[in-house]
Amino acid sequence: MSTLRFHEPQDRRPPKVSARERDPSVRGSALLFWAQIVGNAGLFVGLLLVTRALGPSGRGTVAFITVTALVTAWIARLGVTEATVVFAAQRPEARPVLLSNSLAFSTAAGLAGAAVVCGTLWFVPAARPASVGATELVVLAIGIFTACLADAGYRFLLGCSRFRAHALVTAVTSWIYPVMILILWATVGLTVALGALVWTGTQGLRALLLFSVAVRHEGGLRRPSRRLLGESIAFGVRAWFGTLADSLGFRIDQILIALIASETALGFYVVAVNLSEILLYFPGAVSTALLPLAARSEPGSRTGQTLQAFRSASFVTLASMLASTVIVPPLIPVVFGRPFDASITPFLLMLPGLIGFTAMIVFSNALVASSLPSLSSVAPTVCVVVGVALDLTLIPFFGASGAAAAASVAYLAGGLSALLIYRAQTSFALRELVVPQPGDFEVLRALAPSPLLPASLVRRGTP
């Protein structure tokens with residue numbers, strides 16, 4: 001056979017290229033997906049150690065601190081980081097100024113957010129759980145500041161399509177978290193304040209590395225521009241309402257559980273949330289990689305890219321939901337301990353909403369990329385309004401299960417709203433949402449060899 005092949009006419013067809021080489025969105029999705037897998041695996045191990053060491057109540061208090069820090073950071077950014085993604089993708093020559101603006105604004109926003117939130121919680125003790133004292137408030141203030149900077153660095157690199165740099169920073173810093181937790185637990189013992197402080201330190205290290213990469217590869221820092229900052233705020237505020245609502249919808253229920261029910265109920269709920277979030281890694285990676293690519297694309301091709309992203313993400317999400325229904329519930333008490341049997345029902349109740357979340361994040365990002373930030377805010381706003389209304393209704397009676405049911409319904413409402421709004425702006429048949437098309441599974445094929453592993457560890461011939 002080898003002799004015959006030697007004498008065949010030379011094949012002059014273009015050499016085959018991998019999916020990641022053909023399509024930047026595929027390459028970016030694969031990198032972001034594996035960054036989430038590796039990074040969140042580290043965070044999951046760290047949270048598992050915290051859960052084992054502190055129990056449901058302590059785990060709930062740590063969740064209150066970290067979630068409050070993230071929510072405050074999301075509020076304080078005023079959409080500037082969202083605008084940075086789009087502007088960095090569309091205006092490469094302005095990236096050094098955008099980076100300086102983002103760093104300066106995020107520093108000021110983080111300090112202001114920390115002062116307002118921690119000051120309020122100090123003077124109004126009823127607004128915080130009883131176990132959150134002065135030490136925990138100091139940790140919370142630092143967490144707000146570092147979370148603001150980490151978000152700014154991440155979004156700037158996203159706009160520059162520096163997916164590999166972000167992936168490596170995420171993977172490395174996320175695994176520092178469980179290592180530090182384990183060291184503290186084995187030596188001095190783990191407390192709520194120490195558990196939250198390690199998370200805060202991880203955010204700070206991530207911010208430092210992300211900005212260092214940005215400075216090195218995107219022309220350094222230039223003098224900040226008030227005009228460009230004003231333009232970023234004007235654009236970003238319109239998208240900020242949507243991303244803020246999206247972020248609140250994803251975390252505000254945890255704060256409400258701590259205030260309405262108990263920290264123990266929050267401990268059960270965050271375990272269900274952490275497990276369900278694993279199923280969102282793929283749609284999150286696909287929609288995130290879509291944003292800078294679609295922002296640079298012509299309107300004609302943008303719709304096709306968006307629909308392909310939705311089909312790819314929804315097919316994978318649906319398959320993982322069905323598998324998780326059978327596999328995950330028996331494992332929860334084994335992994336987290338028998339007391340966390342109470343996390344099984346909330347986990348199952350959250351699964352139906354994952355398809356809605358997939359639709360909401362894909363089509364909302366597509367609207368931002370289409371320079372329609374105001375419309376991109378509608379679906380997340382619907383999601384958070386429905387979610388908070390149902391939280392206030394269900395949590396007092398059903399605790400963690402009520403919050404899970406509320407989240408599921410809210411995501412379905414947000415996903416349907418995003419789909420209808422995007423379809424009103426573009427023209428496509430509904431069957432294009434569900435009928436597979438050529439190229440839909442290129443992302444899955446691209447995920448086979450992990451881009452975070454050395455090429456020598458990837459078997460040759462893998463598509």
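**Fold and ring pairs**

Mentor: Happy to. The chain has 17 helices and 0 strands, where helices (H or I, at least four residues) and strands (E, at least two) are DSSP runs numbered from the N terminus. This is a predicted model: local features need pLDDT of at least 70, side-chain atom pairs count only at pLDDT 80 or more, and totals for chains, interfaces and linings use all residues. Residues are numbered from 1 along each chain as its sequence is written, and side-chain values use heavy atoms, with hydrogens and water left out.

Trainee: How much of the chain counts as buried?

Mentor: Of its 463 residues, 56% are buried, meaning under 20% relative accessible area, with exposed over 50% and partly exposed in between (1.4 Å probe, protein chains only).

Trainee: And what share of the contacts between residues at least 6 apart joins residues at least 24 apart?

Mentor: That share is 83%, with contact meaning heavy atoms within 4.5 Å.

Trainee: On to the rings. How many aromatic pairs are there?

Mentor: The count is 7 aromatic pairs. Rings of Phe, Tyr and Trp (its six-membered ring) pair if their centres lie within 6.5 Å; planes under 30 degrees apart are stacked, over 60 edge-to-face, and the rest tilted. One of them is F87 with F235, a tilted pair at 5.4 Å centre to centre and 50° between the planes.

Trainee: Where do those two sit in the chain?

Mentor: F87 is in helix 4 (residues 80-90) and F235 in helix 9 (residues 226-260), so the pair links distant parts of the chain, 148 residues apart. Both F87 and F235 are buried.

Trainee: What about Y422 and F428?

Mentor: They form a tilted pair too, 6.2 Å centre to centre with 40° between the planes. Y422 counts as buried because its relative accessibility is 2%, and F428 does at 5%. Ring pairs also link F310, F363, Y422 and F428 into a cluster.

Trainee: Which charged residue sits over the ring of F428?

Mentor: R423, with its charged end 5.8 Å from the ring centre. The rule is NZ of Lys or CZ of Arg within 6 Å of the ring centre and within 35 degrees of the ring normal. R91 lies over the face of F87, at 4.3 Å from the ring centre.

Trainee: Changing topic: is helix 10 mostly covered or exposed, and how many of its residues are buried?

Mentor: Mostly covered, with 14 of its 16 residues buried.
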